[in-house]
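Me: I would like to learn how to read a model of this kind feature by feature, with the general idea given before the particular case.

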Amino acid sequence: MIRLEKRLEPSKLMTAVTPVIAVILAMILGGLMFAMLGKPPLDAIRMIFWEPIFGEFAFFYRSQVLIKAAPLIIIATGLSFGFRAGIWNIGAEGQYIIGAICGAAVALAFYPLESRFIFPLMLAAGLLGGFAWAMIPGVLKNRFKTNEILVSLMLVYVATSILTAVSQGILRNPEGHGFPGSRNLQQYPSAANLELIPNTGLHLGVIAALLIVVVTHFFMRTHILGFQVKITGEAPRAARFSGIAPDKVVYICLGISGASAGLAGVLEVAGPAGQITSSFHSGYGFTAIVVAYLGRLNALGILLSGLLLALTYIGGEIVQQELKIPSSSMQAFQGMMLFFLLATDLFITYRIKLGVKK
Amino acid sequence: MIEIMNINPILLVASLMVSATPILLAAIGEMVVEKSGVLNLGVEGMMIIGAVVGFAVAILTSNPLIGFIAAAFAAALLSLVFGVLTQVLLANQVASGLGLTLFGLGLSAMIGKNYEGKQAPSLGKFEIPFLSDIPIFGKTFFSHDLIVYFALLLVLATYLFLMRSRHGLVLRSVGENHDAAHALGYNVVRVRLLAIMFGGACSGLGGAYVSLVRVPQWTEGMTAGAGWIALAIVVFSNWKPWRVLVGAYLFGGVSVLQLNLQAAGSKIPVEYLSMAPYLITILVLVFMSVRGKQASPASLGKVFHKSG
């Protein structure tokens, strides 16, 4: 007989080891899936996880990995607050879009004026936009007990519609010969988030990601709010008895995650993306949920898992070119990583016992 | 609002029934899952797998009905992944459901690559004898394809099962208080696994209806959020089968009206119309919460382990 027995304390070893096991299992099963579709499995796995960092064109791909990892890490770190407190903001994609729109709108309002104040204003607008968009589920949850999962998600679809509307309407480039899409911010020096060192992928977003990770790491450990967030998730009743207002935690968690997603959005639109178009969003907000989980909702873990998941974006493009595997199939990899991680999570709080219960 | 006058109400209702069918199927399945105390956020993933498998099998066998059956089986199989994770391995249901959606979207893109641009065999209309000859009403309500009627029958069957049968009572008790149900000797995990698979099969049928009847073609990510709407409808319905029907037709109605308004040359920009269903979902969610009449199953989303 195999049965489960609850551990007295969560296993630290298992917490650290299981994400690695999950990734390896996802690679194996992903390889099998490619094989069944008649694609060379080992080549595919190598192209996704090896080629971007160590392959022939790594000098180009490495910078791309940084560019993709930055928004993932920023959004995931923000989300980790809520997930720790049991507040499920799954609409980061929408907050990311709104942040980008707000930031771009500020820049376009000043065009063609050049001033050093424009970029900080854009960042502020992006942060506020994402924050405000996340406050909608927050306020509804606190005032009416509405489910934040459904509301934040519905707002993603609303945000995508707004994105299409503004890229064809109010933010459209007047000199764009009628094509949808805004002016390219990369060609507007005061608003551009360019690479700090050419061809490294190192732009302000990467710096911001690192900063946010470090700040979050210490915040969670030392600040009272970090403690309140953690205790709300682990023991809601105890949290209430110790005087933590659940409403406040909802606002803090949704606010932080929304603002981070908005920041990621504005850094993206001013940098790698360059302009607001209807296809600006690329699913970072959803992938960031996997990043947060795979990183064990821990800032340093998220740094690593963000880099890993960035590989699936770059690797996805490589296998699409080389093996004609659609790049969206990388979502299957992300899903599998999450599955295996959740499956192996069991070993953190339970241990497997063989034999009959006495 | 002159545009509304140009819309033919008979065609509107008829196309409403078609456009509501996928979300009705998925929502009725998810309602049963939630009644058993499980929150499966993977509806979108199961629908898209149903869409691609149904489409592929219908082309391979040139029989759309076999396509539907295969879609139901495939999605039920996929839902079992979620079932094992949450019921046997005691994983978090929100994360598992999201994983299921991501996995389904990715896998469907891989499977569907070879079927892009192909044409599925048509399901054909099933005109109900006599009833379909009634003027106006006949064309509106009684000359659709089989699946539209099947979805309606499924609502009735679900109502009878949940509210009028012993097994339905057991399922509801598991959802309300799994510890008490366990103490009474019911196998909580088995009941929930069966409910999850039923929900999967329904989502699969809903997805196949999108790729085989509504569009009818395969394109990546073609369910476009229908699964999430289905989840919202379950909340809107207050976990009552008949209200799922009302909710699904309401949502079908909004999306059809929006298309019709676009076609009728409405001055409202298309993008603002297309966000209407989502905004209405939010408003309904708020409205239901304000009235304080939410009858969500008491054990919804909670992990059950025999040792407690």
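**Reading the two chains**

Reply: Of the 308 residues of chain B, 50% count as buried, where buried means that 20 or more other C-beta atoms, placed from the backbone, lie within 10 Å of a residue's own, exposed means 12 or fewer, and partly exposed covers what is in between. This is a predicted model, in which local features need pLDDT of at least 70 and side-chain atom pairs count only at pLDDT 80 or more, while totals for chains, interfaces and linings use all residues. Residues are numbered from 1 along each chain as its sequence is written, and chains are lettered from A and ligands numbered from 1 in the order in which they are written.

Me: How many helices and strands does chain B have, and what is its radius of gyration?

Reply: Helices (H or I, at least four residues) and strands (E, at least two) are DSSP runs, numbered from the N terminus; on that basis chain B has 13 helices and two strands. The radius of gyration is taken over C-alpha atoms, and the globule rule is 2.2 Å times the number of residues to the power 0.38. For chain B the radius is 20 Å, close to the 19 Å that the rule gives for 308 residues, so the chain is as compact as a globular protein of that length. Along its principal axes, the C-alpha trace of chain B spans about 60 × 50 × 40 Å.

Me: What share of the contacts in chain B joins residues at least 24 apart in sequence?

Reply: Two residues are in contact if their C-beta atoms, placed from the backbone, lie within 7 Å. Among contacts in chain B between residues at least 6 apart in sequence, the share that joins residues at least 24 apart is 78%.

Me: Which residues touch the most other members of the largest nonpolar core?

Reply: A nonpolar core is a set of buried Ala, Val, Leu, Ile, Met, Phe, Trp, Tyr and Cys residues joined through C-beta atoms within 7 Å. The largest one has 217 residues, and those touching the most other members are A:Ile75, A:Met337, B:Ile23, B:Ala27 and B:Ile233. Helix 9 (residues 188-214) of chain B gives the most to this core, with 15 residues. Leaving aside neighbours within four places in sequence, B:Ala27 is in contact with residues including B:Ala230, B:Ile233 and B:Val244.

Me: Is A:Leu72 buried or exposed, and which residues does A:Leu72 touch?

Reply: A:Leu72, in helix 4 (residues 58-85) of chain A, is buried because 26 other C-beta atoms lie within 10 Å. Not counting residues up to four places away in sequence, A:Leu72 touches several residues, among them A:Tyr284, A:Val291 and A:Leu309. A:Tyr284 is 212 residues away from A:Leu72 in sequence, yet the two are 6.0 Å apart in space, C-alpha to C-alpha.

Me: Which backbone angles deserve a look in the loops of chain A?

Reply: In the loop between helix 12 (284-294) and helix 13 (299-323) of chain A lies A:Arg296, whose phi is near 60 degrees, a positive value in a residue other than glycine. A:Leu297, placed in that loop between helix 12 and helix 13, has a phi near 55 degrees, likewise positive in a residue other than glycine. A:Arg296 is buried, with 20 other C-beta atoms within 10 Å, and A:Leu297 is buried with 20 such atoms within 10 Å. Elsewhere, a cis peptide bond, with omega about 0 degrees, joins A:Tyr111 and A:Pro112.
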